[in-house]
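Hi there,

Here is the structure I promised to pass on. Have a look at it first, and then read my notes below.

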Amino acid sequence: MRIFNKDLRLQDITIMYFTGLAALMVILVASYQAPSNAVDVSSLKPSPSSPLPPLSMPFRMPLDPRGDLQLAWNISYSSQEVYIQLRVADLRHGVILGMSDRGELTNADLVVLWDTGTKSYFGDAWSNSEGHVSLDSQQDYELIEAKKKADGFYLLFKRPFSTCDPRDYVIEEGTVHIIYGLLDQPIASLEDLNLFRIHTGVQRVLMLRPDMPSPTLPPDVQTLDVLAPNIIIPNQETTYWCFIQKLPDDMPKNHIVMYESRITPGNEAIVHHIEVFECATDLRDVPQYSGSCDDKMKPKKLNFCRHVLAAWAMGAEV
Ligand SMILES: *[C@@H]1O[C@H](CO)[C@@H](O)[C@H](O)[C@H]1NC(C)=O
C-alpha cells in the first residue's frame with residue numbers, strides 16, 4: 001500500500017491480505033436449434049491487421065481469482081449508459097456475464113457470447129429459477145466490438161443503466177453482483193444452457209462511481225510504501241498475511257492525505273483487501289514478523305497493533 005503523507009508518527013505497520021481461490025466445475029452442453037434473434041459476431045471480427053483504437057476505460061476489475069477474466073467499464077451519465085469491456089484470456093466456446101441481486105445464478109440478467117461450433121453469437125439473455133438460460137425478447141445489450149488479440153478475446157458492449165425490460169437488472173449506485181461463466185463446449189442452442197452446469201463465479205463491483213475528478217495533492221507531499229515481502233501464498237482458500245514494517249526513528253509528525261494500493265501487476269485478482277495498522281505508540285520493541293496472521297507463533301505483542309490507518313478493498317480506486 002502506498003501512503004501519501006505530509007508527515008508520519010506511526011511506529012509500526014501491519015499488512016494483511018487474503019487470497020481467494022474459486023472452485024471449478026465443468027460443463028456439458030449440447031443442443032440443436034440455431035438462435036433466432038441473436039447477433040452473429042463472426043462477421044464483426046475485423047481483420048487482424050486493423051489497428052485498435054485506444055479504449056478509455058477508467059474502471060477495471062479482475063473477475064476470477066486467476067485474473068483470466070477482466071472487466072473494464074466507463075460510465076456516461078449524460079446518456080445513462082455503461083460501456084463494458086470483457087477480456088477473456090482463453091476463450092473456448094463462450095462466456096457469460098451477468099448481474100443478479102445477490103450474485104445468484106438464478107433469475108439473472110445475462111449477456112452471452114457462445115458458439116455453435118461453426119458460428120459465434122452474442123445476445124441479451126436471462127436465467128430462470130433453475131438456472132436455464134433464454135434469450136430476452138428485448139435485446140438491450142448492444143455489441144460494439146468482439147475481437148481476438150494477443151492477450152485474449154475482447155468483447156465491448158454497452159447497456160443503459162435501466163432498460164425497462166423486467167428481465168434486466170437495473171444498475172444503481174452501490175454494489176453490483178457480477179456473475180460470470182465460461183463455456184468449454186459449443187452449444188447449438190442457448191436454451192440447453194444451464195448455469196449450474198458450467199464453471200461460474202461471482203464478483204462484487206462498485207459500478208457507478210461518482211463523477212469526480214481525482215484530487216490534486218499538495219506540492220510537498222511525500223509517499224511511503226508499505227510492502228509485504230515476496231511470499232509464497234499457501235495453497236488454501238484464504239490467507240491473512242501479517243507483516244511488520246518499522247518506520248525510521250527520527251520520523252517527524254505527518255498528516256496522511258491519501259492512500260492507495262500497490263499490488264504487483266498480475267496479482268490484482270488475488271489480493272482481496274489490505275489493512276494498515278498502527279501499533280500502540282507506547283509499545284517499545286515491536287518484534288519483526290512476516291507470516292500468517294493466524295499462526296500460533298505470531299508474537300503476542302502484535303495484538304497491540306490495532307489502530308487502523310488505512311484500508312483498501314478490491315474495486316476501490318484510492
Ligand atoms: C466509453 O468507452 C467507449 C468505448 O471505448 C467510448 O466510445 C465512449 O466515448 C466512452 N465514454 C465515456 C463517457 O468515457
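What percentage of the 318 residues of the protein chain count as buried? The answer is 31%, where buried stands for 20 or more other C-beta atoms within 10 Å of a residue's own, with C-beta atoms placed from the backbone.

Two notes on conventions before the rest. This is a predicted model, in which local features need pLDDT of at least 70 and side-chain atom pairs count only at pLDDT 80 or more, while totals for chains, interfaces and linings use all residues. Numbering starts from 1 along each chain as its sequence is written.

The overall make-up

The protein chain has zero helices and 20 strands; these are DSSP runs numbered from the N terminus, helices being H or I with at least four residues and strands E with at least two. Among contacts with a separation of 6 or more, 73% join residues 24 or more positions apart. A contact here is a pair of residues whose C-beta atoms, placed from the backbone, lie within 7 Å.

Strand 7 (residues 94–100) is largely enclosed by the rest of the structure, because seven of its seven residues are buried. In a regular strand the side chains alternate between the two faces of the sheet. Both faces of strand 7 are covered, with Gly94, Ile96, Gly98 and Ser100 buried on one side and Val95, Leu97 and Met99 buried on the other.

As for partners, strand 7 pairs antiparallel with strand 13 (residues 175–183) over seven bridges; strands pair if DSSP finds at least two bridges between them. Leu97 sits opposite Tyr180 of strand 13. Strand 7 is also joined to strand 8 (residues 109–115), again antiparallel, by six bridges. There, Met99 has Asp109 as its bridge partner, and Gly98 faces Leu110.

Strand 8 has six of its seven residues buried, so it too is largely enclosed by the rest of the structure. Strand 8 pairs in turn with strand 9 (residues 120–127), antiparallel and over seven bridges, and Asp115 has Ser120 as its bridge partner. Four residues lie between the strands of this hairpin, where Gly117 takes a positive phi near 105 degrees.

The cores

A nonpolar core is a set of buried Ala, Val, Leu, Ile, Met, Phe, Trp, Tyr and Cys residues joined through C-beta atoms within 7 Å. The largest one has 44 residues, of which Leu86, Val95, Leu110, Val112, Ile178 and Leu190 touch the most other members. Strand 13 gives the largest share of this core, six residues. Leaving out residues up to four places away in sequence, Val95 touches Leu86, Val88, Leu113, Leu182 and Leu183. A second, separate core has 14 residues, including Val226, Val276, Phe277 and Trp312.

Five strands form an open sheet in the order 4-5-6-12-11, with antiparallel pairing. Strand 4 (59–62) and strand 11 (142–149) stand at the edges with a single partner strand each, so one side of each is left without a neighbour in the sheet. Within this sheet, strand 5 (residues 69–76) and strand 6 (residues 81–88) pair antiparallel over eight bridges, and the bridge partner of Asn74 in strand 6 is Tyr83.

Best wishes

Conventions
Buried ≥ 20, exposed ≤ 12 C-beta atoms within 10 Å, placed from the backbone. Contact = placed C-beta atoms within 7 Å.
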